[in-house]
Amino acid sequence: MAENVLVIVESPTKARTIKRFLPSNYTVEASVGHVRDLPQTAADIPKNLKQEEWARLGIDVENDFAPLYVTPKGKSKVINELKRKVKQADAVMLATDEDREGESISWHLVQVLKPKGPVRRMVFHEITRAAIESAIENHREIDMRLVKAQETRRILDRLYGFTLSPLIWKKIAYGLSAGRVQSPGLRLIVERERERIRFHRSVYWDLKADLFSPQDNNRLVFEARLQSVGGKRVAGSKDFDSTSGKLDGKADVLHLDQAAAEQLLHTLQSKPWRVLEVNEKQVTSRPATPFITSTLQQEGNRKLGLSARETMRAAQRLYEEGLITYMRTDSPQLSSEAIGGARRAVEQLYGSDYLCEQPRQYSSRSRSAQEAHEAIRPAGAEFVHPNSTNLSGKDKELYELIWKRTLATQMADARKLQVSVRIGVEECIFGAAGSRILFPGFLRVYVEGKDDPEAALDDKEVLLPDLKTDDQLSVDAMDALYHETKPPARYTEASLVQRLEREGIGRPSTYATIISTLYERGYVRRQGTALAPTFTGFAVTQLMENHFHYLIDYRFTSEMENALDEIADGSRNHLDYLKQFYLGEDGLKQQVQAREGEIKPEASRTIILPQLDEGTEVKIGRYGPYIVHQSNGDEPVHASIPEEVAPADLREEDIAELIELQKNGPQPIGVDPDSGENIYCLVGRYGPYVQLGEKSDDQPKPRRAAVPRDIKAKEITTETALKLLSLPRSLGSHPDSGKEIVANTGRFGPYVVHDGDFRSLKKDDDVYSIGLERALELLAEEKKGRGRRSKVLKDLGTEPKGNKKIAVYDGKYGPYIKYGSKNISLPDDKKDEDAIEKLTLQDAMALVKAGKKR
């Protein structure tokens, strides 16, 4: 008789997928993440340990750094169910993810569940029949080296954060924090902002000529740019010093201003133009390496607009659905199975001409890469075409990105013909460049994204006519062009991940968490796709630089990661490392104790910015950043800085305007003709806003409306203010429910709402004039969610009385019923496919009435 085997994974989705490939004597259950962790709050600490000095830290430093593990809130029910299933099983298979965290979860499961029968560890990098059968056949013991490496990482993070964060609370503001990889990551963003503050703009001019060859029957017009005058190269952006705005003096160049450029244009227009030299060369370009975690996050950001966290969540779903290999990897290696699958797909879709002659293999240049792992690719030996999946939205787009990039690795090189032409007119040399794709090769499938828009142009064809030396050319048009140098670009999530990887800060699996933490702590804000530091982020970095610089030193942080890798491979003792880091002569505990008294709160809350005049300071207060200005012995003036203003964007004129507004106090900009109350334009923590009337005991919350970013506060008129204050607008009652429909604007733009059901307005809709009829049209449309859209497992129709839709969806934490705007969990006995298929509308309504909310 076959033994009953309990397989434990982390998530219900993974459980459903893996179940398809297991024999009938195997039962699969989900732990739904971690079953133990360090205490998060004082309430988590067991009563018998609350008096222990080390308990709040969660680590008994004096007892070999023994961690205190507790069961997270809400996990008892899951653990009790797993314990019941363990007692019924003859053996337990732990099938958590194959990385350090997965190994750690498996170890904690054993510690909590205490199975009496055999315990086996099965690992796989994809959820396919072959991979699962191989994992069962080749099961192993829990790797305690990986467990210790993960535990050491967790302890280090706790020691770093819990030792430094309270210090930052005292010296700057409550609720702030420091982190082992978070703080060096923040320093990168702050240093880039400082470069932008120091930046001085330079202006330069050049000429552009649109030319054609009279011998060319097609009269193809092409562009040529001025390169030199009288043997001197014309200055470009790279010739200027970014901090002084002047030429850096590294080369003898000609700096053209507007007058000189226009004079030159006037001189050259009527002169003869001649081809001096034509150079052609063939170049080949090779496809990008297969995806690893960091490059997937970068491309997800560049091409799909996903944050690092959104990319990893989508990839996790694809992995758990059995569509891709494991998504946390730093190895670009492809298995022979993957290479075969990619080559077959290329040949079927594009023909053998598009295959590279020999299978192309990749290896990592990173010392820490684990070559036993594989790159992120479509799962299995036969890749599922994106159109053959049941995916939609960003999940499908990300899968297609992975599918295309994997196919491209086994495709022929792209071949291009590059042409450069030197053109003479008087004492000036112009240059033109063209490129033509001779054979597209892998470009038929995939082109790697670029952070630099100008670099992205390299992959486009630029055609030139057939030119030969001494050919005469004619001018179609000429322009003198104005240019100005640009400050260093702020990091995007993609470019930050790239820099973190280059500096060795964190590991690919931690990048998404680093960036998310910076957002959550209020240290960084999004400005479009860029990451701009807040003044609070500046202050925290400034304190760390002044007093604990070595802790945010990039090399030190990288060496910590290498040490953790050495603990994982058994070449370093974890206890020795922890003692040296925390208790050593120059350890963290000693450093904080020695320096805490030297750190002055007032100095820590004051941000040093070079653009501030004497007598003006920026400080961090309880309600955010503010300016303190004092001149000629007057009383100091305090003025809030809107949170949306980044440090490098705080200009002298902005500072003067904020100070002036604060000095003069609230000045009415007009009067409301209906109420007779004054209208004010004020500046608060979140930027400028308009207000109707004054704050009083009778009116503690006067009506307010935010001023849109594209309107300056000093340009607000009475008419504009009244328009802004007209929101929210009542449009009337819904004909079915009788409930009010309202138009308003919010975090994601203008919208209409009815009974908690929101719809964004379209581009042509105006929130100030939209009527009831148009609002009803929008509310009748299918709602489009942000991020992941849950998959419909069964549509149960419409509930007869309330006329609300009801359906079963596949959610992040398992199947659930959606009834109108409410979500209700399915009981455990109704979560499998057969039970969902048998579920009726009446059954679903009974569950809704029972009120078991998801």
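Trainee: Which residues touch the most other members of the largest nonpolar core?
Mentor: V7, I18, M122, F124, L159 and L164 do, in a core of 128 residues. A nonpolar core is a set of buried Ala, Val, Leu, Ile, Met, Phe, Trp, Tyr and Cys residues joined through side-chain atoms within 4.5 Å. Buried means under 20% relative accessible area, with a 1.4 Å probe and protein chains only. This is a predicted model: local features need pLDDT of at least 70, side-chain atom pairs count only at pLDDT 80 or more, and totals for chains, interfaces and linings use all residues. Residues are numbered from 1 along each chain as its sequence is written, and side-chain values use heavy atoms, leaving out hydrogens and water.

Trainee: Where does the largest share of this core come from?
Mentor: From helix α5, residues 144-171, which gives 9 residues. Helices here are DSSP runs of H or I, at least four residues, and strands are runs of E, at least two, numbered from the N terminus.

Trainee: And what does L164 touch?
Mentor: A178, M544, F548, L551, L588 and V592, leaving aside residues up to four places away in sequence. Contact means heavy atoms within 4.5 Å.

Trainee: What lies apart from that core?
Mentor: Another core, of 28 residues. F222, L226, A261 and V419 are among them.

Trainee: New topic. At what angle do α10 and α11 pack?
Mentor: About 90 degrees, with their axes 8 Å apart. Axes are lines fitted to C-alpha atoms, for helices over the stretch in contact, and angles run from 0 to 180 degrees between N-to-C directions. So α10 is roughly perpendicular to α11, a label for 65 to 115 degrees.

Trainee: Which residues meet there?
Mentor: A342, A345, V346 and L349 in α10 meet W403, T406 and L407 in α11. That contact has 6 nonpolar, 1 polar and no charged residues. Ala, Val, Leu, Ile, Met, Phe, Trp, Tyr, Cys and Pro count as nonpolar, Asp, Glu, Lys and Arg as charged, and the others, Gly among them, as polar.

Trainee: How do α9 and α14 pack?
Mentor: Helix α9 (residues 308-320) packs on helix α14 (residues 511-520) at about 135 degrees, and their axes are 8 Å apart. That makes α9 oblique to α14.

Trainee: Which residues make the contact?
Mentor: A308, R309 and M312 of α9, with A512, T513, I515, S516 and E520 of α14.

Trainee: How many helices and strands in the chain?
Mentor: 24 helices and 32 strands. Of its 854 residues, 49% count as buried.

Definitions and conventions
Parallel < 35°, antiparallel > 145°, perpendicular 65-115°, else oblique. Buried < 20%, exposed > 50% of the residue type's maximum accessible area, 1.4 Å probe, protein only.
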